[in-house]
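Biologist: I have a model open and would like to learn how to read its features. Could you walk me through it?

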Amino acid sequence: MAILVLGLVIFLGLHSTRMVSESGREKAIARIGEGPWKGIYSLISVIGLVLIVRGFAQARFEAPQLWTPLPGARHITMLLMLVALILFASYLFKRSHITVAVHHPMLWSVLLWSAGHLIANGSAADLVLFGAFLVWSAADLASAYARDRRNGVVYPAPQLAATAGAVVAGLVVYALLIGGLHLWLFGVSPLAG
């Protein structure tokens with residue numbers, strides 16, 4: 001579990017820099033340049049993500065079960081994941097109705113992904129992984145909306161083609177995950193009862 005926690009601290013800590021200190025982040029970018037900042041940020045993110053994946057893979061088999069998911073939890077999770085994947089795809093389609101409406105579709109996607117996986121799983125490792133992402137995404141959403149208000153962010157008019165693209169992309173990824181990709185990547189089928 002220690003590797004999982006270390007990975008979460010690195011990954012989520014790094015992704016909290018804007019929440020914690022917008023000016024500190026901007027000063028660092030000004031000091032070292034945007035390219036090097038993105039390079040260092042990406043490298044540390046990958047290290048954190050690798051530790052999260054490795055730590056969770058180890059911890060999930062040893063972690064005690066804290067609760068038993070309710071009957072039907074898997075179905076709720078599958079519905080939340082459908083919405084989460086469409087939101088995630090909307091991040092790539094900046095002019096979709098979805099992005100224009102929620103402003104931060106990736107953060108909403110992470111929030112629904114983590115909540116859905118907490119509903120369907122009940123081990124200590126699940127609580128640490130998905131609980132950490134749930135708390136982080138909720139805090140980052142609050143911070144992002146406050147920043148938008150402070151900066152007077154105006155979103156562009158939505159385009160139907162972008163919305164259709166986001167929905168189709170989300171549905172394709174969802175179908176791939178249900179069709180076997182989730183089993184191949186994570187060793188668990190979402191359809192397993």
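Predicted model: local features only at pLDDT ≥ 70, side-chain atom pairs only at ≥ 80, totals over all residues.

**Reading the contacts**

Biologist: Where does S109 lie, and is S109 buried or exposed?

Modeller: S109 lies in helix α7. With a relative accessible area of 5%, S109 is buried, because anything under 20% counts as such.

Biologist: Which residues is S109 in contact with, leaving aside its neighbours within four places in sequence?

Modeller: Those are A84, L87 and F88.

Biologist: Thanks. How do I read aromatic pairs, and how many does the structure hold?

Modeller: The general idea is that a pair of aromatic rings is described by the distance of the centres and the angle of the planes. The structure holds five aromatic pairs.

Biologist: Are F11 and F133 buried or exposed?

Modeller: F11 is buried at a relative accessible area of 14%, and F133 is buried too, at 9%. Now look at W113 and F130: their pair is edge-to-face, with 5.1 Å centre to centre and 75° between the planes.

Biologist: Which parts does that pair tie together?

Modeller: W113 is in helix α7 (residues 105-120) and F130 in helix α8, so the pair joins parts that are 17 residues apart in sequence. W113 counts as partly exposed at 24% relative accessibility, whereas F130 is buried at 5%.

Biologist: Which residues form the aromatic cluster?

Modeller: F11, F56, W113, F130 and F133 form one cluster.

Biologist: What about a charge over a ring: which ring does the charged end of K94 sit over?

Modeller: That is the ring of Y91, with the charged end of K94 3.5 Å from its centre.

Biologist: Finally, helix α9: where is its kink centred?

Modeller: Helix α9 (residues 160-186) has a kink of about 65°, centred on I178. Buried residues in α9 include G165, G170, Y174 and L177. Their cover includes α5 (73-92), α6 (97-102) and α7.

Biologist: And what follows α9?

Modeller: G187 comes after α9, and its phi is positive, near 75°.

Conventions: Residues numbered from 1 in each chain as written. Heavy atoms only, no water. Phe/Tyr/Trp six-rings, centres within 6.5 Å; stacked < 30°, edge-to-face > 60°. Buried < 20%, exposed > 50% of the residue type's maximum accessible area, 1.4 Å probe, protein only. Helix = DSSP H or I, 4+ residues; strand = E, 2+ residues; numbered from the N terminus. Lys NZ or Arg CZ within 6 Å of the ring centre and 35° of its normal. Bend = angle between axes of the 7 residues up to and from the residue. Contact = heavy atoms within 4.5 Å.
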